[in-house]
Amino acid sequence: MERRATIKDVAEAAGVGVATVSRVLSGGSASPATRERVLAVAAQLDYRPSALGRNLRQRRTGGMGLLVPDLTDTFYGQLSEGVLACARSAGEPVVIGSTGGDPEQEADLIGMLLEQSVDRLIAVPSGDADTWSPVLRAGMTVVFADRLPLLQSPPEDVRAAAVTDLMALDGLSAAAPARPLDVPAVVADDRAGIRTAVRYLRGLGHRRIAFLGGPGQESRVNAFREAVGAPVDEELVVFGTGSRDSAYAAASGLFQSRPDLSAVVAGGNVLGEAAVLAARELDLRVPRDVSLVMYDDVPWAELCSPPLTVIAQPGRDMGYRAAELVLRAGGRKPRSVVLPTELIIRGSCGPHR
């Protein structure tokens, strides 16, 4: 195999020092004649600077990390596309990891990135504040996307989880303490999206409205409780653990245990898919027997029969903005960004009969 040309080879062939070659190739100052000679020799020798060596000297590997719960989830695919588009425009590679929504797996992946000296990370967090505090102490620049880590790990009953950090961001409680992690985030306006959906369903005459939720959706759950008002019928607030099987079981159990409900708000596209399948299996007609609203607008939502009414959040834009924030880090700490949501009305909601 032919030996790859080094910066020393270029310097010797051009009759200049290594420092001069480095300065020319990095865009530094040099006379026009020297610059032309160095670039010509570099092209002739097919010299390509070693990004690894350059970044090791800077004590970083280059690029950024991206951690999401599930790469097969359409929304997280859109978010990842946004991150990759921004990184590509900046010439930055991206190391992508799927946590499976498991805090332990997330911690392992974070450790791997730290070992590789990746110092910038975009994450849809699964762990709590205790998981992320050591990451920040290690000097990694972090931007959260889609959601924030809880102050503490939630108990088994998600309905009883402490969600004051998310509530503080959404303005649900003036008395809620500020979240301890001083980390910028790019999130959607869950509160406005859920409130608009519940108001729309109420306008159609629905009173027994259920919420089908999953991990990391504490902000949406609390927005739902606020929107329906006290007293909240807790039997109409149910959760899956994150998998498609669990989401289907939760949706099917909800429909069978509460035949009196007339509308469901699904907290994400996996949950919305489960609600559609469960309704079909139980011979529930949409929207005649039950109206459905799904958080996330994904391509298949329009292909359903009837097409699903959705709360659309800008997944690709969320990823792009998060990548922008993490790339700009180094000066003044960037501020968090809350992106708007939109209720897109289609055919899955009808008047209560």
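Visitor: At what angle do helix α5 and helix α13 pack, and how far apart are their axes?

Guide: Helix α5 (residues 74-89) meets helix α13 (residues 315-328) at about 40°, with the axes 6 Å apart. Axes here are lines fitted to C-alpha atoms, for helices over the stretch in contact, and angles run from 0 to 180 degrees between N-to-C directions. Helices (H or I, at least four residues) and strands (E, at least two) are DSSP runs, numbered from the N terminus. This is a predicted model, where local features need pLDDT of at least 70, side-chain atom pairs count only at pLDDT 80 or more, and totals for chains, interfaces and linings use all residues. Residues are numbered from 1 along each chain as its sequence is written, and side-chain values use heavy atoms, with hydrogens and water left out.

Visitor: Why is α5 called oblique to α13?

Guide: Angles under 35 degrees count as roughly parallel, over 145 as roughly antiparallel, 65 to 115 as roughly perpendicular and the rest as oblique. The angle is about 40°, so α5 is oblique to α13.

Visitor: What makes β7 and β12 edge strands?

Guide: Two strands pair if DSSP finds at least two bridges between them. The open, mixed sheet has six strands in the order β7-β6-β8-β9-β10-β12. β7 (237-239) and β12 (342-344) each have a single partner strand, so one side of each lacks a neighbour in the sheet.

Visitor: How do you know that β9 and β10 pair?

Guide: Three bridges join β9 (residues 291-295) to β10 (residues 309-312), and at least two are needed, so they count as paired. The two strands run parallel, and tyrosine 295 has isoleucine 311 of β10 as its bridge partner.
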